[in-house]
Amino acid sequence: MLESKRPGRPYTVSPVRPKPFLIDLTPGISALEYAQRRSNLASKLPKNGVAILAASELKYRSGPVFYEFHQDSDFFYLTGFNEPEAVAIIGKSAGEGDHVFHLFVRAKDPKVEQWEGSRSGTQAALDVFNADESGDIKNIENSLSRIIGDASEVFTDASPSATATSPFSRLFSNRTPSKSNALSKILEPVTVKPLRSILNDLRNIKSDAEIANMRKAGQASGRAFTEAMRQAWTTEKDLNAFLEYTFKRNGCDASAYVPVVAGGKNASQIHYVRNDDVLLENDLVLADAGGVSYSLIPSLSKTPPQYLPKDIKEYGNYITDITRTWPISGHFTPPQKDLYNAILTTQRKCISLCRASASNSLDRIHQIAEETLKDSLNGLGFDMSGNALETIFPHHLGHYIGLDVHDTPGQSRQAPLRAGQCVTVEPGLYIPDTDRWPAAFRGMGIRIEDSICVQEDHPLVLTTEAVKEVEDIEALRGS
């Protein structure tokens, strides 16, 4: 049975929506902001339209050994709920942004929680996460038809599960024995449309609170890079371990993605993630990494909402993306410095264009990066005819960032940048060890990447604590 904020009326919603708690539901993001996000989504839906979002499931490596849980970013963006096996249903009512928020979650279960840790439970879905109605995820099939029965259209990206091991996964499985209860069967009479493009437009413009979280993540991650550059390293493994440890020491919970720590020629492999080679004195090392802090509300089963701390932890699932390349010896050789400065000059120019008033798209800034790199490389003696630039600069200059490293997938890079968008700027050159290229530069791989928040008249660099000027890098190790 559904639980409601109005006792005795499980399917009735008060015409006056309760005021959300003015606490940080997740680090840096208030419950009110989450409610506003749901209202913004509802304003994009047709009258009586319904959006259905599924939380991620816990994934298993083998047998009972599981991977670290990572919440679906769209689901997290609208709910702040960071547990598996949950479904959010947002139904538009009469007004422009008026909506009803249903949140189905795992019920409290002391025996299971003894093994797996505390669950929020259905009451917290109401009291803390501000759902209008909540219920046990095990019973969602009994309620779903009723909730979406009068829907004009349903918007969802929920996809069939390859396995059906729980009530949650069976709902989204196309293999469930009881197909009459599967989501696809329930939705048969209704027009179903994808939700992704609507949410991309909402998520792509960051609020002040989101930008503040990303700045904190950039600060913590950038300081870790600078600390790493101060020291001498002999293996990729040790440098990788130091970065991960320092991210955590500086306030993050983990790396935001599988890091790249590539010495020498390994840096020419753009997604080199073995991170297990030796580092040689005269080589460069390229490190592409960043930290993330997961947001967990502490012990909801024991802590009344009014006593929840306002500052649980910083950053709240938001990430920043950094790449730095520096000499293992602490000092650049002349060819290393020349190639590095060609990339740094390009990056500085491109960052300066990340402002709304310039009306540049990411694609246009990428073209400018190509032109700038080509001019610099011609001056260094490179033959840039034919497909030369495409060979040594094979990736795009940047991508959107936020809750995900590659945020809002599918979002166009052809539209002019707008204030509030956050992007990376990451020119790089990867010189093959072949006769086509000048001998002094063969085998080098250099990339410089910062995370940028687009503002109206100037860019905000979120990762400025990671030094990148040649003089600053060399000064870290002294003479």
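## Exercises on a helix pair and a buried strand

In this predicted model, the axes of helix 11 (residues 334-352) and helix 14 (residues 470-477) come within 11 Å and cross at roughly 130 degrees.

**Exercise 1.** Decide which word describes how helix 11 and helix 14 lie to each other, and work out which classes of residue make up their contact.

*Solution.* Two packed helices are described by the angle between their axes and the distance between the axes. The crossing angle of helix 11 and helix 14 is roughly 130 degrees, while roughly perpendicular ends at 115 degrees and roughly antiparallel needs over 145. Helix 11 and helix 14 are therefore oblique to each other. At the contact, helix 11 brings Lys-337, Tyr-340 and Asn-341, which meet Val-470, Ile-473 and Glu-474 of helix 14. Sorted by class, this contact holds three nonpolar, one polar and two charged residues.

**Exercise 2.** Find out which strands pair with strand 14, and explain why strand 14 can be called largely enclosed.

*Solution.* Begin with the partners: strand 13 (residues 260-263) pairs with strand 14 in the antiparallel sense over four bridges, and in strand 14 the bridge partner of Val-261 is Ala-287. Strand 16 (residues 322-327) also pairs with strand 14 in the antiparallel sense, over six bridges, and there Pro-327 is the bridge partner of Leu-284.

Next, consider the faces. In a regular strand the side chains alternate between the two faces of the sheet. In strand 14, Leu-284, Leu-286 and Asp-288 lie on one side and Val-285, Ala-287 and Ala-289 on the other, and all are buried. Because six of the six residues of strand 14 (residues 284-289) are buried, this strand is largely enclosed by the rest of the structure.

Key. Residues are numbered from 1 along each chain as its sequence is written. This is a predicted model: local features need pLDDT of at least 70, side-chain atom pairs count only at pLDDT 80 or more; totals for chains, interfaces and linings use all residues. Side-chain values use heavy atoms; hydrogens and water are left out. Buried means under 20% relative accessible area, exposed over 50%, partly exposed in between (1.4 Å probe, protein chains only). Helices (H or I, at least four residues) and strands (E, at least two) are DSSP runs, numbered from the N terminus. Two strands pair if DSSP finds at least two bridges between them. Axes are lines fitted to C-alpha atoms, for helices over the stretch in contact, and angles run from 0 to 180 degrees between N-to-C directions. Angles under 35 degrees count as roughly parallel, over 145 as roughly antiparallel, 65 to 115 as roughly perpendicular and the rest as oblique. Contact means heavy atoms within 4.5 Å. Ala, Val, Leu, Ile, Met, Phe, Trp, Tyr, Cys and Pro count as nonpolar, Asp, Glu, Lys and Arg as charged, and the others, Gly among them, as polar.
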